[in-house]
Amino acid sequence: MKIAFIIQRYGTEILGGSEYHCLLIAERLAPKHQVEVLTTCAADYITWANEYAEGADRIRGVTVRRFANARTRDIHAFNRYSEWIFTSAHTRDDEMEWLRQQGPWCPALLEYLERNQQQYDVLIFFTYLYAPTVLGTRVAPHKSILVPTAHDEPAIRLDIYKELFSVPAGLAYNTEVERRFLTTHFSIRAVEEETVGCGVDLPATHPAFRNRPAPASGEDPGAGAASAADEPGEDETPDEGESPTFRPHLAERGTTFRRRHRLHGPIALYGGRIDAGKGCEELIEYFSSYVQEGGDATLALMGVKLMPLPEEPFIRFAGRLSDQERLQALEAATVVVVPSPYESLSLLALESFAVGTPILANARSEVLVDHCHRSNAGLYYADRDEFVECLSLLIADPHLRASMGRNGRTYVQQNYRWDVILGKYEKMFTKLRQPPTALQTVSARPAQ
């Protein structure tokens, strides 16, 4: 089959969010199918400035076709327009103007899709929010799958999205929480709906070396390596999906990351876009309170910095990390904090579970609370006091962390194995390739 993914940005250096989710799915489907990605030339979602070269490229087995955006975004003007449209009576034309101002605005991508949609068997659109999805799903609804990555926010209440969710033939939800929200508030006419999510790799870490207590401040993180009693017996086998090769250096869990960034003692780790919209401003405020009340952990932040960070000895900026370094950071962490109030899946939480590190999550995100309940691998906080209490408890109790770590790996193994995720996509492809009904073949030309 020939499959096209349509996404607002795409690249191996764009980590987190729907873009990273799309990249993972596209790369996993590429060995079996002919996969292409149709995207813009933007690397930055704030301005949507054209930074990548136009044209086709080959990235890790996937053909990527980039199209130049026709305009950049004035974020301040857009925020003012958003405040008005979310609180005032307005027309559909006003909403289309909002969509243009939000960006990315890329008529060239839509024109290519209209001219060439016949050559693709399936079109997969990632993220409900942006113009390439709102307008692109109208081109060939009968073979379009929408991965909404949706949550309750002001924008989703606009009428243009009421139209959008009734258009595609397939909907691939991230979680049951997202599915309940969308089916409750929108008229879904898809012929195939599935709660899919995203696969997560289980690192080949032997259970004997998971969730060891973090070394005390000043202690060599390699100290306390496994004794002979810790070595696995001949009858012990790795978890399903893990490499059978035992790697004794993993006894020094997270040592590489700790030494590279000169970190000692407990670590609370955040990964992703470092900006206020992801809850990072509040995270820093709450963590400062934890330190003021006697907490001795360090807050390490990995990812792209989009907000200033205070110059405090208990805050470390690790920067953008490679996939291997990211894994090392998750293993080094005592706790991974997921502060975003808006999540449709949270790969950060799932990746933390996969390496056996418990999470501390924002209770305003129903998805994160659901992950914690179903996995028994994390705690969640609703305010500053709860944050301090939960973090203090997790830092102080290695046995609790070890138990949560085992629960998290089991949760990922049962729900987010790649063979399960890809099987759900294949099922949707089969369903959509059946002869469409007359209703499904009706499509409207995208507004320009």
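How much space lies in the second largest pocket? About 460 Å³ lies there, a volume being the space filled by probe spheres set on grid points joined across faces, edges and corners. This is a predicted model, in which local features need pLDDT of at least 70 and side-chain atom pairs count only at pLDDT 80 or more, while totals for chains, interfaces and linings use all residues. Residues are numbered from 1 along each chain as its sequence is written, and side-chain values use heavy atoms, with hydrogens and water left out.

Select Tyr 20, Asp 201, Asp 323, Leu 327 and Glu 351, which of the 18 lining residues are the closest to the centre of this second largest pocket. On a 1 Å grid over the protein atoms alone, where a 1.4 Å probe is used, a pocket is an open set of points with protein on both sides within 12 Å along at least five of seven lines, and lining residues have an atom within 4 Å of a point.

Next, select helix 10 (323-332), which gives the most to that lining, with five residues; helices here are DSSP runs (H or I, at least four residues), and strands are runs of E of at least two, numbered from the N terminus.

Then move to the largest pocket, with a volume of about 1400 Å³, and select His 151, Glu 153, Arg 273, Gly 277 and Lys 278, which of its 48 lining residues lie nearest its centre. Helix 2 supplies the largest share of this lining, six residues.
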